[in-house]
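Here is a short report on one helix and its surroundings. Look at the sequence and structure first, then read on.

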Amino acid sequence: MRRSAVLALGVLCLLTFAFVPVRAEDLGAGALDVAAPSAVLMERSTGQLLYEKNPLEHLPPASVTKVMTMLLVAEAVDAGQTSLDEPVTASAAAAGMGGSQIWLEEGEQMTVGEMLKCVAVVSANDCCVALAEHLAGSEAAFVERMNRRAAELGMENTHFLCCSGLSDSDEHYSCARDIAVMSRELLGHALIRQYTGIWMDTIRDGAFTLSNTNKLIYYYPGATGLKTGFTSRAMYCLAASAERDGVEYIAVVLHAPSSSERFDSARALLNYGFASYTLLSPEGQAAIPPVAVRMGRTDSVQPVLAENAGVLAPRQKAGAVRWEAALPSTVSAPVEAGQVLGSLTAWSGEDRLCTLPLIAPEAIPRQSLWEIYTDLLRHLTA
């Protein structure tokens, strides 16, 4: 376990980028029009932050809270703890929720998938609570899970009191950067996209119509989600995502003064990402030689890039990017799968864009004493 922790730390240390997010105050007037007082822009696959405006300010997230609720549901499905076809029975507490809802009746049953769709599309508070009770026994127990998961994701400026976001307490808060982090984690679950990208749908055999509260799904090319929110205290909030040509951005907007301004701000952030950056794949861009292994059961190991490795580069620098591998000539066995062996660095002129870890794709055990002896004997008699 200690060895694995060291390897993970090595990856984190190597996965570094040369540019920092643009701050709102550093852009010229009108360069990026974001009316909301707090906002961020993140590229999903790398997690790079490209723009920030008051990113750590504690603000009520309203129904954007449901990003964490949907994340825990998606994780439970993917872990086999529940299934999309499993029935969920609405309690009196769930049926009594106010705000956005589908008017569940106490005792009414829907599947996990149907309720998850209602949460994603119309922000149904009743389905949100029903799912929380189904997975954890009570909303309070589910909220404990939400806060534990937030801590695991490094969301240091977030604390949840409910699963829906309806709480008006000062103790229910998040920040734009943390919301981007949990949105990125949610989008890593493929099943969620079959719901967050819906514009219009129905439930109850077509008797009840669902229309997405996220208007970007209808009019923004490539929109993939994700979640709107509004209360009189939180004002208009949005975690928006969009993908084009294999690149996906997450725009978070908090406390916007109007619904139209939250969508305009998110659209401006997404437009800025697509226009200003491009995602480069390092595969095939540099020769990565094998590394000799001393006293290993295999003579050498071929370093590979860590999963989903890539670099987000400013478009004006993309054509001049070069890649350089840095590796030792030899390593000593044993070599563990995932062990960091070296690095691959992207350069644009004298500017370092990023450094990515090169790892061992598989374990190479150390030779036994008998294997060392027989190898030595073979070399002496060759």
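## Terms and source

Contact means heavy atoms within 4.5 Å. Helices (H or I, at least four residues) and strands (E, at least two) are DSSP runs, numbered from the N terminus.

This is a predicted model, where local features need pLDDT of at least 70, side-chain atom pairs count only at pLDDT 80 or more, and totals for chains, interfaces and linings use all residues. Residues are numbered from 1 along each chain as its sequence is written, and side-chain values use heavy atoms, with hydrogens and water left out.

## Helix α2

Helix α2 spans residues 66–78 and has 13 residues. Glycine 80 follows α2, with a positive phi near 80°.

## Its cover

Twelve of the 13 residues of α2 are buried (under 20% relative accessible area, 1.4 Å probe, protein chains only). Among them are Lys66, Met68 and Glu75. The cover includes α4 (112–122), α5 (125–136), α6 (139–152), α7 (176–187) and β9 (223–231).

## Packing against α5

The axes of α2 and α5 (lines fitted to C-alpha atoms over the stretch in contact, with angles from 0 to 180 degrees between N-to-C directions) come within 11 Å and cross at roughly 40°.

Lys66, Thr69, Leu72, Val73 and Ala76 in α2 meet Asn125, Cys128, Leu131 and Leu135 in α5. These contact residues divide into six nonpolar, two polar and one charged (Ala, Val, Leu, Ile, Met, Phe, Trp, Tyr, Cys and Pro count as nonpolar, Asp, Glu, Lys and Arg as charged, the others as polar).

Technical notes
Expected span 1.5 Å × (residues − 1). Buried < 20%, exposed > 50% of the residue type's maximum accessible area, 1.4 Å probe, protein only.
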